[in-house]
Amino acid sequence: MLLSAYYYYVNKIEFSLKNFWRFSPFFALIFFYVFFVPLLRSKNGFDNIISGRTSIVNELGVSDFFSNLSYTYIDVFTVNHFDKDNIWRFSSLGTIPSNLFQRNIPSEERPPIDEGMYFVSTIVRGKNYVPLIPRNHLREFSFPIENMGFGYANFLLLGVVLAFFGLGRFNVFLYKLMCNTNYSPFWFYLYLYSVFNFNFSSLRLMNMITTCSLLLFFYFIYTLTRVFYHGR
């Protein structure tokens, strides 16, 4: 996000050895994020390192670097598990209105927005869990399914084609809006957010709805503030 903002608002970046050293602190931050954030998020991971109870190499999981950055293991399960008899037929999208509008139902009795909980429960318990089974019937962790898993689980290969085609068209739509508004910060952020985070799984759709709502709120506050100060 920082590099993109620099590229569009300050000066276009030409990749060269000179620029590599110039942006080396940024690359160091990326390295820190990739390796250390999972450690900080793990249970007692940081305390174990400080106390010397475990090796930092083991905690960082350097050997699992590519599997931690990839959803391949989830996609492999998806392709092996689903066929024409057990696909979801886009029923997983029903988790969004269930959680948005059925607020009178306790959260543990509503279906989880994250379809990855159905994947985990199917793997661990050996049964076929499908939306819209309530959260309290599932395991309490997830394998996020992302675009490939969403498309295949819902409509096999055709679902994958539709999911990726739709994602591409959506990103093109946001990119054109960003360009046509002279790189408005609002559309710039939304475009970059979509490129890095958005897909058609229920979890990511809900994240996009939340992000758009927050952006609209802050844009409204920004507009009011600008009108107030210009009026004075």
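In helix 7, four residues are buried: I74, D75, F77 and T78. Their directions span an arc of only 160° around the axis, which places them on the same side of helix 7. An α-helix has 3.6 residues a turn, so residues three or four places apart point the same way. And what do the buried residues of helix 7 pack against? Their partners are helix 9 and helix 10. Please keep in mind as you read on that this is a predicted model.

**The chain as a whole**

Stepping back, the chain has twelve helices and zero strands. Read from the N terminus, its elements therefore run α-α-α-α-α-α-α-α-α-α-α-α. Of the 232 residues in the chain, 32% are buried. Among contacts with a separation of 6 or more, 56% join residues 24 or more positions apart. The accessible surface comes to about 15200 Å², and carbon and sulfur atoms account for 64% of that area.

**Salt bridges**

How many salt bridges does the structure hold? There are two. One pairs K84 with D85, where the closest N and O atoms are 3.6 Å apart. Both K84 and D85 are exposed.

The other one pairs R204 with E146, with the closest N and O atoms 3.0 Å apart. Here R204 belongs to helix 12 (residues 202–231) and E146 to helix 10 (residues 146–180), so the pair ties together parts that are 58 residues apart in sequence. Are these two partners buried or exposed? R204 is buried, with a relative accessible area of 18%, and E146 is buried too, at 12%. The cut-off for buried is under 20% relative accessible area, so R204, at 18%, falls within that class.

Leaving aside residues up to four places away in sequence, R204 touches Y71, E146, N197, F198 and N199. Its salt-bridge partner E146 is thus one of the residues on that contact list.

**Cysteines**

How many disulfides are there? The count comes to zero. A disulfide is a covalent bond between the sulfur atoms of two cysteines.

**Backbone details in the loops**

The peptide bond from P131 to L132 is cis, and its omega is near 20°. L132 sits in the loop between helix 9 (116–125) and helix 10.

R89 has a positive phi, near 55°, in a residue other than glycine. This residue lies in the loop between helix 7 and helix 8. R89 is exposed, with a relative accessibility of 52%.

Y183 likewise shows a positive phi, of about 60°, although it is not a glycine. Y183 is found in the loop between helix 10 and helix 11 (185–197). With a relative accessible area of 27%, Y183 counts as partly exposed.

Which residues make the nonpolar surface patch of about 620 Å²? They are F90, L93, F155, L157, L158, V161 and L162. F90 is placed in the loop between helix 7 (72–81) and helix 8 (95–101), the loop that also holds R89. At 32% relative accessibility, F90 counts as partly exposed.

**Accessibility side by side**

| Residue | Relative accessible area | Class |
|---|---|---|
| E146 | 12% | buried |
| R204 | 18% | buried |
| Y183 | 27% | partly exposed |
| F90 | 32% | partly exposed |
| R89 | 52% | exposed |

How values were computed:
Residues are numbered from 1 along each chain as its sequence is written. This is a predicted model: local features need pLDDT of at least 70, side-chain atom pairs count only at pLDDT 80 or more; totals for chains, interfaces and linings use all residues. Side-chain values use heavy atoms; hydrogens and water are left out. A disulfide is a pair of cysteine sulfur atoms within 2.5 Å. A salt bridge is a side-chain nitrogen of Lys or Arg within 4 Å of a carboxyl oxygen of Asp or Glu. Buried means under 20% relative accessible area, exposed over 50%, partly exposed in between (1.4 Å probe, protein chains only). Helices (H or I, at least four residues) and strands (E, at least two) are DSSP runs, numbered from the N terminus. Patches are made of residues with over 30% relative accessible area and no salt bridge: like charges are joined within 9 Å, nonpolar side chains (Val, Leu, Ile, Met, Phe, Trp, Tyr) within 5 Å. Accessible areas come from the Shrake-Rupley method with a 1.4 Å probe; for residues, only the protein chains shown count as cover. Contact means heavy atoms within 4.5 Å. The arc is that of the directions from the helix axis to the C-beta atoms.
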